[in-house]
Amino acid sequence: STQSTWGLMITMMLKLIKASTKLLTCTAFANRTMARLSSRKPGNVPKGRKKGEDIVITQEDVDEAEMGEKVGYGDTGEPIMPEFSENLVKRPPKGHLWGSEIKPEEKKKEYFNPKEENPSLEGVLQYLKDHQFRDLKNFLVPDCDARGVPEICVLATGESSMHLYKVGKQLAAEIKKIGSESTKYTQFFGDKKSSSAMLITRNIILHLFLEQERKDQDIETLYLKPPT
């Protein structure tokens with residue numbers, strides 16, 4: 001009948017499409033294998049063959065092309081698969097900058113003495129060093145009382161806006177953990193897109209900059225040689 005004839009034709013067409021797809025897949029695989037074999041050194045000629053000789057792809061060639069040239073064979077003749085895990089990029093610890101040196105894990109540092117009224121300058125500087133800030137500088141601010149600013153100014157350069165923001169907020173939280181009356185009023189000013197940030201305590205004012213912003217503001221001159 002007409003219906004069965006159409007059903008037979010559709011079945012044959014599906015089989016033909018499946019066979020064509022399989023043929024295309026085999027052809028693509030053969031082309032990839034040929035490309036790998038032709039790129040071998042020396043002279044881009046497959047091992048054991050002369051230049052100009054017709055290339056016949058063997059199962060051994062296919063296996064080597066699939067596993068890579070550097071794969072060797074053990075005493076039993078079984079292929080030794082490469083260990084890719086050795087080349088994987090290891091993610092640095094949380095809060096650590098990519099590309100900077102990763103030191104062995106240590107017990108969490110205590111930067112500030114909870115018995116102190118104010119954070120120490122040494123603790124602030126060490127915290128910044130441990131969090132990959134550079135070009136640290138500190139100085140006493142002249143006439144700080146009259147100018148209404150803390151007596152010590154600290155300058156530091158960070159790597160990105162997010163670096164300034166995250167470390168500045170974390171440092172403010174560490175200082176507040178001291179728990180004294182004066183540290184309750186520690187304030188941090190900055191955001192995730194700013195090229196500068198500032199942290200103020202009772203005794204220290206900390207300026208965090210990106211490199212170019214620090215040069216442009218020249219904040220040190222403003223403190224040490226204020227305009228008259």
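Predicted model: local features only at pLDDT ≥ 70, side-chain atom pairs only at ≥ 80, totals over all residues.
Local features need pLDDT of at least 70, side-chain atom pairs count only at pLDDT 80 or more, and totals for chains, interfaces and linings use all residues. Residues are numbered from 1 along each chain as its sequence is written, and side-chain values use heavy atoms, with hydrogens and water left out.

**Exercise 1.** State how many helices and strands the protein has, and their order.

Step 1. Helices (H or I, at least four residues) and strands (E, at least two) are DSSP runs, numbered from the N terminus.
Step 2. There are 7 helices and 5 strands.
Step 3. Along the sequence the pattern reads α-α-α-β-α-β-α-β-β-β-α-α.

**Exercise 2.** Describe the largest nonpolar core.

Step 1. A nonpolar core is a set of buried Ala, Val, Leu, Ile, Met, Phe, Trp, Tyr and Cys residues joined through side-chain atoms within 4.5 Å. Buried means under 20% relative accessible area, exposed over 50%, partly exposed in between (1.4 Å probe, protein chains only).
Step 2. This core has 24 residues, and Leu 128, Val 154, Leu 171 and Leu 208 touch the most other members.
Step 3. Elements giving two or more residues to the core include helix 3 (121–130), strand 2 (152–157) and helix 5 (161–176). Helix 5 gives the most, with 6 residues.
Step 4. Beyond its neighbours within four places in sequence, Leu 171 has contacts (heavy atoms within 4.5 Å) with residues including Phe 112, Tyr 127 and Leu 206.
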